[in-house]
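Hello,

Here is the structure I promised to send over. Please have a look at it first, and then read on for what turned up in it.

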Amino acid sequence: MPLMGHERRNAILQRLRGATSAVSGTALAAAAGVSRQVIVQDIALLRADGHDIVATNRGYVLREGSSAPAVPTRLIKVHHTVDQLEDELQTIVDMGGTVQSVMVNHRAYGKITANLDIRSRSGIARYLESIRTGKSTPLMTVTSGYHFHRISRMPSPFWTPSSRRSPPRATLPRSSPTRKTTWRKPQMWGRVHF
């Protein structure tokens, strides 16, 4: 019987940690009782969680010293204008998050990542000031506002899952037979949970 998602990903990590050479996707798929495509998706999820897994022509390798991140992290995709940048960063920081990095997927140049390490409103002010005085533009401008942030949240004795605030969800307006229903696009896609 195939393993469930989280069990399968843990088994993949254990196999890669114990391997002395690259492990093929086919071998991982056979061990887990799933298709190779499922393994490719699992590897992508493990990478998104911070594991440094490299694909070689002989299979997958977990780089030395790689382990689960010390603090919970999430990769979120966002789309907004430059004018909304400060609001975006303040929302993350005010909810107790740290903006570790920004990343874009450029069609010609590929994945471009920049470390930010923004933890407070004063960090946001310094970042925005360096953008203004450096005659630079945010990385998101090369992809028309689409970008990703890796965010983290330090554990706190005062924070519990029941006390977290969720960002507002996009809602559908009430419809009537005479009114056309339209979708209001959210500023940030998905919910961020730690």
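Predicted model: local features only at pLDDT ≥ 70, side-chain atom pairs only at ≥ 80, totals over all residues.

**The chain as a whole**

The protein chain has 5 helices and 6 strands. Starting at the N terminus, their order is α-α-α-β-β-β-α-β-β-α-β. Of the 194 residues in the chain, 30% are buried. The accessible surface is about 12800 Å², and carbon and sulfur atoms account for 53% of that. If you look at contacts with a separation of 6 or more, 64% of them join residues 24 or more positions apart.

**H1 against H3**

Two packed helices are described by the angle between their axes and the distance between the axes. For helix H1 (residues 5-18) and helix H3 (residues 36-48), the angle is about 80 degrees and the axes are 10 Å apart. H1 is therefore roughly perpendicular to H3, because angles of 65 to 115 degrees are counted that way. On the H1 side, the residues that meet H3 are Arg8, Arg9, Ile12, Leu13 and Leu16; their partners in H3 are Val38, Ile39, Asp42, Ile43, Leu45 and Leu46. Sorted by class, this contact has 8 nonpolar and 3 charged residues, with no polar ones.

Is leucine 13 buried or exposed? Its relative accessibility is 5%, so leucine 13 counts as buried, the limit being under 20%. Leaving aside residues up to four places away in sequence, leucine 13 touches Leu46, His51, Ile53 and Leu62. Valine 61 is 48 residues from leucine 13 in sequence, yet their C-alpha atoms are 9.8 Å apart in space.

Leucine 62 takes us to strand S2 (residues 59-62). At 11% relative accessibility, leucine 62 is buried too. Again without residues up to four places away in sequence, leucine 62 touches Leu13, Leu16, Arg17, His51, Asp52 and Ile53. Arginine 15 is 47 residues from leucine 62 along the chain, with 9.5 Å between the C-alpha atoms.

Aspartate 52, one of the residues that leucine 62 touches, sits in the loop between H3 and strand S1 (53-56). The C-alpha atoms of aspartate 52 and leucine 62 are 6.0 Å apart, and the two residues are 10 apart along the chain. With 31% relative accessibility, aspartate 52 counts as partly exposed.

Methionine 4 is exposed, at a relative accessible area of 56%. Valine 34 is 30 residues away from methionine 4 along the chain, and 10.0 Å separates their C-alpha atoms.

**H4 against H5**

How do H4 and H5 run relative to each other? The axes of helix H4 (residues 85-94) and helix H5 (residues 121-133) come within 9 Å and cross at roughly 155 degrees. That makes H4 roughly antiparallel to H5, because the angle is over 145 degrees. The crossing in which H4 passes H5 is right-handed. Leu85, Glu86, Leu89, Gln90, Val93 and Asp94 are the H4 residues in this contact, and they meet Arg121, Ile124, Tyr127 and Leu128 in H5. By class, the contact has 6 nonpolar, 1 polar and 3 charged residues.

**Two backbone angles to look at**

Most residues other than glycine have a negative phi.

How values were computed: Residues numbered from 1 in each chain as written. Heavy atoms only, no water. Axes fitted to C-alpha atoms, helices over the stretch in contact; angles between N-to-C directions. Helix = DSSP H or I, 4+ residues; strand = E, 2+ residues; numbered from the N terminus. Parallel < 35°, antiparallel > 145°, perpendicular 65-115°, else oblique. Left-handed = near helix turned anticlockwise from the far one by under 90°. Contact = heavy atoms within 4.5 Å. Nonpolar A, V, L, I, M, F, W, Y, C, P; charged D, E, K, R; others polar. Buried < 20%, exposed > 50% of the residue type's maximum accessible area, 1.4 Å probe, protein only. Areas by Shrake-Rupley, 256 points an atom, 1.4 Å probe, with all protein chains shown as cover.
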